[in-house]
Amino acid sequence: MGMKKNVDWVKLFRTMYSIRVFEKRCIKLYRQGQILGYFHPYLGEEAIAAGVCSVLEEGDYVVSTHRGHGHCIAHHGDLKRMLAELLGKASGYCGGRGGSMHIADFSRGNLGANGIVGGGLPLAVGAALGAKIRGEDRVAAVFFSDGAANNGVFCESLNLAAIWDLGVLFVLENNQYAVSSPIEAMTRNPELHMRGTAYGVDSARVDGNDVSAVLDAAARGVAACREGKGPVLIEAMTYRQTGHHVNDPGKYMPKEKVAHYRSRDPIDICAKYLIDLGNVTPEQVASIKSEVDAQVDEAVEFALGAPAPSPDEFIQCVGARA
Amino acid sequence: MTQTAGRECTGVRTIKYRDALNEALREEMARDETVFLMGEGIAERGGSYRVTAGLLDEFGPWRVLDTPISEASFTGAGVGAAITGMRPIVEILFVDFALLAMDQIVNQAAKYRLFTCDAGRVPLVVRTQGGVGNCLAAQHSQSLEALFYHIPGLLVVTPSTPRDAKGLLKAAIRCDDPVIFIEHKRLYLSEGPVEDEDYVTEFGKGDVKRTGTDVTLIAWSNMVPRCLEATEVLAAEGIQAEVVDPRCLVPLDRELLLSSVAKTRNAVIVQEAVRRGGVASDIASIVQEELFETLDSPVKIVAGLNTPIPFNLELEKVCVPQEADIVEAVKGLLGS
């Protein structure tokens, strides 16, 4: 906990609050029929993306998941281009070809959200391996879920990163559900961080709703990775505030548990740090919030007015390929 | 009657297919520091077919990496390295094992270029080998090129000679898109002429392996030498068969295939893979669509039986096209 004096609480809060407001606005747009396809909200998990990405440096990589808006916003994501992509517009990150599950920006080290659970894990290993071969100390942070931890590529990737001492920060976002299946029913030992230990990887479990705890663990993990002592695994305990996607009411989630985690809302926890440790007044918090609200409004306006991709251009582009 | 040559302007040696591949790897690794190799038993051991022999000593342990038997993750690591500035070559010991990495090949490698509107490319080569050997049974004998051929975003290369193997592997390494490079286990020890000079064989350019006037045999990989053997039998009976090797299945040299068939007016496509859903069927559809009026006979396909490959050698033989099957098909087609 010794690193807090260096923390930019305003920036952290701004990131987390941006994710929250961005997604809430998007869910409205989704319900209005403006956003189509799948939309997996990150609501309730914001502290993990914000905490981890805040300790990354320029040149580091992030590998994300189908529940990836938070990671993208926390790692240099541009709200306008993100929203335009969710609306399938030409000015979106993928020109309307990717949508929510596939936003990537290689130019900023965002190696992409991923529609395949666990699919991103080996990509992070490869990014870190490339950096090692080139003699660079870049770190690859890969976000994945308790669901992905039950996929074979998790063990394989952990093992590969371990035998080659790669700078991979494995960030296991344990929101306790694989779609609708509770983790206790999907494994005999839900202490998932122990899987990292079993592979000889430094592993720890933290409160994923407490951005300070995430940040501390991530800072230690990233430092170890940069020194060539990686990989490191962090299991961040959290809970979704919604179902698996926008159209899933999440009836299988026990009310008491939902209420418990809502009472430990990561945004509220961060706001408290901001006031207590960041020397910011409640009035200043309110003004940060309205600034972010305005940015999201602006992004919505931009995206709604953005041009649609041209089917002719698309056909021309892919038709020219083998 | 002559096999295509005509490129012997500089020195030419006769070397093995596996050594030609080794030369391609060595030359490209020396030329470009971002090229590196990953695979099972490829470093110290030099690979099951000795394709990577000597490279560990020359380029060191971070350019030639032995992996655990974890096809999904080391192939995925290849994708991750490729999208961050490297040119990885991932060796999958048998094409049958590529099935363990299909998510990474099909859902990841093949898709990124689309998602990123061409900004993010995947310069990955997956080197693997397929086809029947001798009694390797059902999980080590498959010809699976059609699986990859079916996936937009992947390039599929199937060299049949040492010369093509070297030039095409060099092209694959320099290519900015994922290439599935399928060698044939029966070809590793085959020999052929390879130029001394540095050369790269352009993708999408087929090669006429034998000129003829009566029928076009379209074949790739190990079916090319098999067709060439069959042409000798046919020639003895007065039939001059042309053998066209597309070399790359994606991109396919449609022009070359069509011009040959337009000339001979008869086409037999010879494929080691099972008949159902194969590349031969797709080529047949292209030929009949473009040349229906020109053809003297229906396009004929000689292909493997729709069965997993059995262990026993005689049973194995009946599963894949043999020289006699090709001869019989041609004679049946020409009514001779």
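Which strand of chain B supplies the largest share of the lining of the largest cavity? The answer is strand S7 (residues 179–184), which contributes 3 residues; a strand here is a DSSP run (E) of at least two residues, a helix is one (H or I) of at least four, and both are numbered from the N terminus.

The structure is a predicted model, in which local features need pLDDT of at least 70 and side-chain atom pairs count only at pLDDT 80 or more, while totals for chains, interfaces and linings use all residues. Residues are numbered from 1 along each chain as its sequence is written, chains are lettered from A and ligands numbered from 1 in the order in which they are written, and side-chain values use heavy atoms, without hydrogens and water.

Rolling a probe the size of a water molecule over the atoms shows where empty space is left. On a 1 Å grid over the protein atoms alone, a cavity is a set of points where a 1.4 Å probe fits but cannot get out; a pocket is an open set with protein on both sides within 12 Å along at least five of seven lines; lining residues have an atom within 4 Å of a point. Grid points are joined across faces, edges and corners, and a volume is the space filled by probe spheres set on the points.

The whole structure holds 4 cavities of 30 Å³ or more. Among the 15 residues lining the largest cavity, Ser143(B), Glu145(B), His184(B), Trp220(B) and Ser221(B) are closest to its centre. Domain 1 (2–201) and domain 2 (207–334) of chain B each provide at least three residues of this lining; the domain bounds come from an automatic or database assignment.

For the second largest cavity, strand S2 (residues 140–145) of chain A gives the largest share of the lining, 4 residues. Helices H1 (9–31), H2 (46–54), H3 (69–74) and H9 (211–226) of chain A each supply at least two residues of the lining of the second largest pocket.

In the table, Ala, Val, Leu, Ile, Met, Phe, Trp, Tyr, Cys and Pro count as nonpolar, Asp, Glu, Lys and Arg as charged, and the others, Gly among them, as polar.

| Space | Volume | Lining residues by class |
|---|---|---|
| Largest cavity | about 120 Å³ | 4 nonpolar, 8 polar, 3 charged |
| Second largest cavity | about 80 Å³ | 7 nonpolar, 8 polar, no charged |
| Second largest pocket | about 440 Å³ | 11 nonpolar, 5 polar, 4 charged |

**A sheet in chain B**

In chain B, 5 strands form an open sheet of mixed pairing, in the order S9-S11-S10-S13-S14; two strands pair if DSSP finds at least two bridges between them. Strands S9 (207–210) and S14 (300–304) of chain B stand at the edges with a single partner each, so one side of each lacks a neighbour in the sheet. S9(B) runs antiparallel to strand S11 (residues 241–245) of chain B, joined by 3 bridges.
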